[in-house]
Amino acid sequence: MVNDVTVRKGLAPWKWLLLPMMTAVILMAYLWVGDAQGFASPRSARIIFWHVPMAMLSVVWFFAAAFYSVRYLVRHDEFDDTRAAKAAEVGLLLTTLATVTGAIFSKMQWAGGLNRPWYEGYWQWDPKQTAIVIAILIFAAYFALRMSVDDPNTRARLSAVYCVLAAAAIPFLYWVLPNLPAMGASMHPGRVVLSNTGLDPQYKATYWLATLSFLGISLWVYQLQLRVEQVAARRLGVREAAAEEPRLEAVRKTAVEQPVAER
Amino acid sequence: MNTARPSTFYAEVWAVFIKDVRSEVRTRAALATILLFAVVTLIVLNICAGKVEGAGLTQLGLIENYVQAIRDDPKALILRTLPHGTLLRSQLLSALFWVVLFFSAMAGLPRTFVKEEENRTAAALRLSARPAAVYGGKLLFNACLTVGIAIVIVPLFLILFEPWVADWPSFSLHVLVGTLAMAGGATLLGAIVSRAGGRAYLMLPLAFPILLPVLICAINGTATALYGKGGNQLVALVSYTVAMGTVSALLFEKVWTDA
């Protein structure tokens with residue numbers, strides 16, 4: 001399964017579709033959608049088309065990693081371990097991008113905000129900022145664990161277990177922790193995207209198109225990463241087989257050609 | 001004599017627990033590590049941060065007078081004091097307390113599994129008890145260890161840092177639930193560390209993010225208990241611990257056995 005690398009000519013049709021989709025999102029976001037109300041700098045409300053889809057999709061990828069981890073623990077298919085690692089990698093990339101875009105936005109928008117009126121920097125320790133930092137740390141620890149175990153089977157098993165544990169913490173981080181009263185009031189708007197009245201139709205259309213496009217792009221990144229792993233595994237397999245060949249030949253000679261007494 | 005009689009699950013849990021207690025009493029390795037770590041950290045913190053002495057509000061008068069005194073003379077000695085009964089002092093001391101407890105627990109808790117691998121007794125344990133019973137016994141042992149550490153650390157903390165505890169029941173409950181939560185989260189991670197070639201340095205990076213919600217809730221909750229106003233964090237602590245404990249119990253067999 002690992003070794004059959006299917007060679008396809010050209011891109012799959014849905015990957016071609018990503019180009020017009022993403023172009024449409026950019027054009028819609030900057031030319032079609034109007035400025036939002038109730039923002040310190042109304043133009044910056046367009047962050048919703050980049051920051052929010054990435055934060056949301058990171059959850060999808062973390063759960064995908066957990067799904068493949070569980071499947072590895074059940075079926076022991078080595079490639080499921082690779083899938084889990086690559087899915088976690090895409091999730092980590094998305095959370096990092098969401099954090100960076102969010103930090104830039106928070107300086108523009110939240111300087112002198114309600115929790116720390118005296119603070120004008122990039123990081124307010126808003127409950128959701130706290131939560132996403134913990135999520136990043138958890139999956140960084142997942143890769144630290146992967147790096148420090150040498151045996152592939154042990155690495156796959158231990159990191160799968162850690163990934164499932166991490167995924168169990170994710171709902172708490174994304175949906176429970178930010179709503180705890182002790183974390184302080186959040187400056188993130190709550191429940192805008194999924195409600196019926198939170199967004200204008202224009203915003204809504206652009207937002208969901210952006211989410212779909214980012215899903216496609218992250219899926220593409222994920223597939224490319226898997227292909228790299230597949231090719232590397234195949235090359236390793238070829239090299240090992242080549243190294244094995246003379247040794248097998250020697251064994252065959254000893255076993256077949258030499259008389260028993262000489263061995 | 002009665003070799004044919006199958007042992008029950010709880011008997012196995014108890015046997016694993018008693019075995020660990022017995023071997024701990026003989027060497028006292030984990031206990032000594034954790035206690036030394038905790039005491040040294042507390043003393044260092046007290047030497048450095050203890051200069052932020054607490055003065056009673058009765059000595060300073062009202063908090064307004066305190067603020068006024070700082071305004072009048074910014075270089076005054078009064079700057080070194082952080083009055084008892086202020087939220088800031090409660091939060092600071094609560095954070096110090098949990099950081100000491102967390103880091104000392106993380107230094108000692110993986111020992112319970114790492115020592116099985118080091119002494120090459122893991123295989124024997126794998127043969128003689130079912131995985132769930134091993135998890136139960138180790139969890140029980142770790143819980144006793146952390147609670148025991150807390151029993152030593154809390155009085156020391158109270159004497160050295162003199163926090164004014166406004167709400168004793170809430171304070172003790174937060175300490176109890178928080179330490180149990182740390183034991184619950186760290187048991188499976190200790191097993192992972194021991195299986196990853198006994199690399200004890202892995203414990204902190206693995207456990208820290210997973211237990212960070214526990215730490216945040218415990219610090220917040222203890223601060224309100226010291227201060228006396230505000231809600232407690234017990235529901236959040238208990239629910240997170242139960243969720244993590246359940247997932248850990250389900251996953252433990254995959255870490256412990258080789259299949």
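Contact here means heavy atoms within 4.5 Å. The model is predicted.

**The A–B interface**

Chain B brings 30 residues to the contact, and chain A brings 27 residues. Together the two chains bury about 2400 Å². Carbon and sulfur atoms give 79% of that area. Between chain B and chain A there are zero salt bridges. Polar contact links three residue pairs across the two chains, with both residues at pLDDT 80 or more.

Which helices of chain B each supply at least two residues of the side that touches chain A? They are listed here.

| Helix of chain B | Residues |
|---|---|
| α9 | 168-195 |
| α10 | 203-227 |
| α11 | 234-256 |

The largest share comes from α10(B), with ten residues of the side of chain B that touches chain A. By residue class, that side of chain B divides into 22 nonpolar, four polar and four charged residues.

**A lysine in chain A**

A:Lys86 sits in helix α3 of chain A, which covers residues 78-110. Is A:Lys86 buried or exposed? A:Lys86 counts as buried because its relative accessibility is 11%, and the cut-off for buried is under 20%.

What does A:Lys86 touch, leaving aside residues up to four places away in sequence? The partners are A:Tyr222, A:Gln225, A:Leu226 and A:Glu229.

Technical notes: Residues are numbered from 1 along each chain as its sequence is written. Chains are lettered from A and ligands numbered from 1 in the order in which they are written. This is a predicted model: local features need pLDDT of at least 70, side-chain atom pairs count only at pLDDT 80 or more; totals for chains, interfaces and linings use all residues. Side-chain values use heavy atoms; hydrogens and water are left out. Buried area is the accessible area (1.4 Å probe) that two parts lose on being put together, summed over both. A salt bridge is a side-chain nitrogen of Lys or Arg within 4 Å of a carboxyl oxygen of Asp or Glu. A polar contact is a pair of N or O atoms within 3.5 Å; within protein, one must be able to donate a hydrogen and the other to accept it, and residues adjacent in sequence count only if both atoms are side-chain atoms. Helices (H or I, at least four residues) and strands (E, at least two) are DSSP runs, numbered from the N terminus. Ala, Val, Leu, Ile, Met, Phe, Trp, Tyr, Cys and Pro count as nonpolar, Asp, Glu, Lys and Arg as charged, and the others, Gly among them, as polar. Buried means under 20% relative accessible area, exposed over 50%, partly exposed in between (1.4 Å probe, protein chains only).
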